[in-house]
Amino acid sequence: MIMNYSLRHAGYESNEDSNQIVKAEGAYLYTKRGQRLLDLCMAAGSQLLGHSNPEIVSAIQSQVSKGTIYLSNNQYIHETCELLSQVVPSEYSDYIFSNSGTEATQKAIRISRLASGKSLIASFEGGWHGSNEWTLHDSGSRFDLDKQALNFGIPTSINKDRLIVPYNCDKTFETLERHKEKLAAIIIEPIQGSNPQKDISGFLKKLTAFCSQHNILIIADEIISGFRVSLSGASPKLGLKPDIITYGKSFAGGLPVGLTVINEKVSQMSFGNPENAVITGGTYSANPLMAVAATATLKQLIQKNYTSFNTESDTFKNTINSELLSKNLPFKIISNGPFLRLAFTDKPFKSRAERDKLEMPATLQKTFKDIIKKKEIFWPTNGIILPSFEHKEPELRLAREAIISSCIETCEFL
């Protein structure tokens, strides 16, 4: 029987068999036609140890014969938690597992409302917190869409309980001041995927001081930055102590996972309040298959040299930018360690909003992506370059050369 179907997901719509991925190993993807592509996306950063890591594969294969889901307490998730306790800052003692970054941020928002007794949630322009109804009000610009003309299926009635504010801007605090009495929490990526820059500490510390003064909780979304920019994530590296942190992607070796951790204050105000019913469960949450993959991943990450990982990423950025500058090409790489993005402008900017005004038109950006694809590079759909520990000098050199040459060729269309 022949079945007709339409697959609807970003990047999956094509039925062209030869372009379909059939294998992934190390820093590379392999297509059905046998083409090898250098992966600069690494499954949105979830393959931090590289594709098909042998120790993770072995752990998964061993667990499959013992069962993939128990829907009950199991020793494997406790082993994972023991390792997490060596990595996650000690003030976060409650671990709430889920199956995606979206779920992790949803639970973080729900818990912050229970703990604070307030309902308004603030997030930032240019931020991304998954398919979360409370923060998915800037999704159009993320995918180069006219968000004003589109219906995203989110009721406008929830707007009274959510607030979007400018990122890395003094005007942010004017808006927050007007809403401070109603704000339950502010959710923020310590390092924004749309704007991964190092000089953000001043803004974050000012935000922390404001929230502390007005009893507003801070949720740090470290779904991407966690375990990447340092073993303990971006918050400790930037000197931050948010009330809630969300993690995901990279600590379970590519299996679906989300993690929400809360400090003692939030725990007592939410779980510790007998008048609250804190709903955190899920059929697949904390399943043993994910747990053994996470344990195998964390054991390896604890042994990794993050100083070298950051240094190599900085060298990658600086080498490209030096070459782009010498050739007077209107591009630059921005980054915070192994969390990078190519900006289609060489002008300075502080936020995604400023970047959008400065970058070359979307048609030329697409031209660049079409060009680099022909150089056997798998370019990230969301534009975030997320190298793995498997990206050694040969892979980084290939990526540098492909990016620079693609910038040169794109400029021929200016």
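**A loop residue with positive phi**

Glutamate 376 lies in the loop between H12 and E13; helices (H or I, at least four residues) and strands (E, at least two) are DSSP runs, numbered from the N terminus. Phi of glutamate 376 is near 60 degrees, a positive value in a residue other than glycine. Its relative accessibility is 39%, so glutamate 376 counts as partly exposed.

Alanine 43 sits in the loop between strand E3 (36-39) and H1. With a relative accessible area of 38%, alanine 43 is partly exposed.

**Basis of the model**

This is a predicted model, in which local features need pLDDT of at least 70 and side-chain atom pairs count only at pLDDT 80 or more, while totals for chains, interfaces and linings use all residues. Residues are numbered from 1 along each chain as its sequence is written, and side-chain values use heavy atoms, with hydrogens and water left out.

**Salt bridges**

The structure contains 15 salt bridges. A salt bridge is a side-chain nitrogen of Lys or Arg within 4 Å of a carboxyl oxygen of Asp or Glu. One of them joins lysine 265 and aspartate 243, at 3.2 Å from N to O. This pair links distant parts of the chain, 22 residues apart: lysine 265 is in helix H8 (residues 264-270), and aspartate 243 is in the loop between helix H7 (234-237) and strand E9 (244-248). Lysine 265 is partly exposed, at a relative accessible area of 40%, whereas aspartate 243 is buried, at 9% relative accessibility.

Glutamate 409 and lysine 375 form a salt bridge with an N to O distance of 2.8 Å. Glutamate 409 belongs to helix H13 (residues 393-411) and lysine 375 to the loop between helix H12 (362-373) and strand E13 (377-378), so the bridge ties together parts that are 34 residues apart in sequence. Glutamate 409 is partly exposed at 30% relative accessibility, and lysine 375 is partly exposed at 24%. Elsewhere, salt bridges that share partners connect Arg352, Arg355, Asp356 and Glu359 in one network. Aspartate 346 and lysine 347 also form a salt bridge, with their closest N and O atoms 3.4 Å apart. Both partners are partly exposed: aspartate 346 has 36% relative accessibility, and lysine 347 has a relative accessible area of 45%.

**Helix H2**

Which residues of helix H2 (residues 75-84) are buried? They are Tyr76, Ile77, Thr80, Leu83 and Leu84. These residues cover an arc of only 115 degrees around the axis, which puts them on the same side of H2; the arc is that of the directions from the helix axis to the C-beta atoms.

The buried residues of H2 pack against helix H1 (54-64), strand E4 (92-98), strand E10 (258-263) and helix H9 (288-301). Contact here means heavy atoms within 4.5 Å. At the start of H2, a side-chain oxygen of asparagine 74 comes to within 3.2 Å of the backbone nitrogen of tyrosine 76.

**Cavities**

Rolling a probe the size of a water molecule over the atoms shows where empty space is left. A cavity is a set of points, on a 1 Å grid over the protein atoms alone, where a 1.4 Å probe fits but cannot get out; lining residues have an atom within 4 Å of a point. Grid points are joined across faces, edges and corners, and a volume is the space filled by probe spheres set on the points. There are 4 cavities of 30 Å³ or more.

The largest cavity holds about 80 Å³ of space. Its lining consists of Ile188, Leu204, Leu207, Thr208, Ile218, Ala220, Leu240, Lys241 and Pro242. Helix H6 (201-213) and strand E8 (217-221) are the elements that give two or more residues to this lining. H6 supplies the largest share, 3 residues.

**Two threonines**

Threonine 135 lies in the loop between strand E5 (120-124) and helix H4 (139-142). Threonine 135 is buried, at 8% relative accessibility. Not counting residues up to four places away in sequence, threonine 135 touches Ile109, Ser123, His129 and Ile187.

Threonine 315 is in helix H10 (residues 306-326). Threonine 315 is partly exposed, with a relative accessible area of 42%. The C-alpha atoms of threonine 315 and glycine 117 are separated by 47 Å, and the two residues are 198 residues apart along the chain.

Terms used. Buried means under 20% relative accessible area, exposed over 50%, partly exposed in between (1.4 Å probe, protein chains only). A polar contact is a pair of N or O atoms within 3.5 Å; within protein, one must be able to donate a hydrogen and the other to accept it, and residues adjacent in sequence count only if both atoms are side-chain atoms. On a 1 Å grid over the protein atoms alone, a cavity is a set of points where a 1.4 Å probe fits but cannot get out, and a pocket is an open set with protein on both sides within 12 Å along at least five of seven lines; lining residues have an atom within 4 Å of a point.
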